[in-house]
Amino acid sequence: MDKGSKIKIVAENRKARHDFHIHETYEAGIVLTGTEVKSLRAGKANLKDSYARIENAEVMLHNMHISPYEQGNRFNHEPLRTRKLLLHRYEINKLIGKTKEKGFTLVPLKIYFTRGKAKVELAVATGKKLYDKREDMAERDAKREMDRALREKQKY
């Protein structure tokens with residue numbers, strides 16, 4: 001792997017995997033201003049409570065917080081502004097069809113840099129019910145117990 005294709009994860013939305021069933025993921029570019037890019041490179045982003053919506057055949061990202069750049073001046077960016085996501089037309093058309101279906105939503109999973117470009121991993125997801133969350137937690141606990149038991153057995 002060459003130096004340029006390395007992925008640097010800036011922010012991750014861990015709560016999304018807890019609250020949603022992920023069906024498909026897409027990699028989208030994001031339109032940013034200069035100070036937003038500098039803040040992202042410093043790791044000052046938060047995807048909590050953010051979501052994407054299709055408006056006028058464009059995918060827009062809402063509620064993603066990018067902290068103002070410390071060395072910025074009066075032309076610093078608005079932290080919660082709506083940002084445009086860059087996808088191919090056929091991908092947008094596919095997403096329009098998916099989001100028209102009942103229960104499907106677009107959720108950003110992580111934001112990262114690859115080859116110097118900021119990217120967002122966007123997921124088509126449906127909300128989990130409370131019993132689904134409990135089921136996932138029970139499975140995770142059971143797996144943890146099994147791993148612990150295996151480790152204990154391997155010691156002897």
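Which residue takes a positive phi in the hairpin of β4 and β5? I found that Asn56 does, with a phi near 55°. Two residues lie between the strands of this hairpin. I note that the model is predicted.

Next I looked at the pairing of β5. With β4 (residues 51-55), β5 pairs in the antiparallel sense over five bridges, and Ile54 stands opposite Val59 of β5. I then checked β7 (residues 83-86), which is antiparallel to β5 and joined to β5 by three bridges. Here Val59 stands opposite Leu85.

I asked how many residues of β5 are buried. Four of the five are, so β5 is largely enclosed by the rest of the structure.

I turned to the largest nonpolar core, which has 25 residues. Val59, Leu85 and Ile111 touch the most other members. I listed the elements that give two or more residues to this core: β1 (7-12), β2 (20-30), β5 (58-62), α3 (89-100), β8 (104-114) and β9 (117-127). A second, separate core has five residues, including Ala16, Val107, Leu109 and Ala123.

I looked up the contacts of Ile111, leaving aside neighbours within four places in sequence. Among them are Ile9, Val10, Ala11, Ile30, Leu40 and Leu47. Met64, Lys119 and Val120 are also in contact with Ile111.

Last, I checked Arg14, which is in helix α1 (residues 14-19). Arg14 has 67% relative accessibility and so counts as exposed, the cut-off being over 50%. I recorded 9.1 Å between the C-alpha atoms of Arg14 and Leu47, which are 33 residues apart along the chain.

Definitions and conventions. Residues numbered from 1 in each chain as written. Predicted model: local features only at pLDDT ≥ 70, side-chain atom pairs only at ≥ 80, totals over all residues. Heavy atoms only, no water. Core = buried A, V, L, I, M, F, W, Y, C linked by side-chain atoms within 4.5 Å. Buried < 20%, exposed > 50% of the residue type's maximum accessible area, 1.4 Å probe, protein only. Contact = heavy atoms within 4.5 Å. Pairing = 2+ DSSP bridges.
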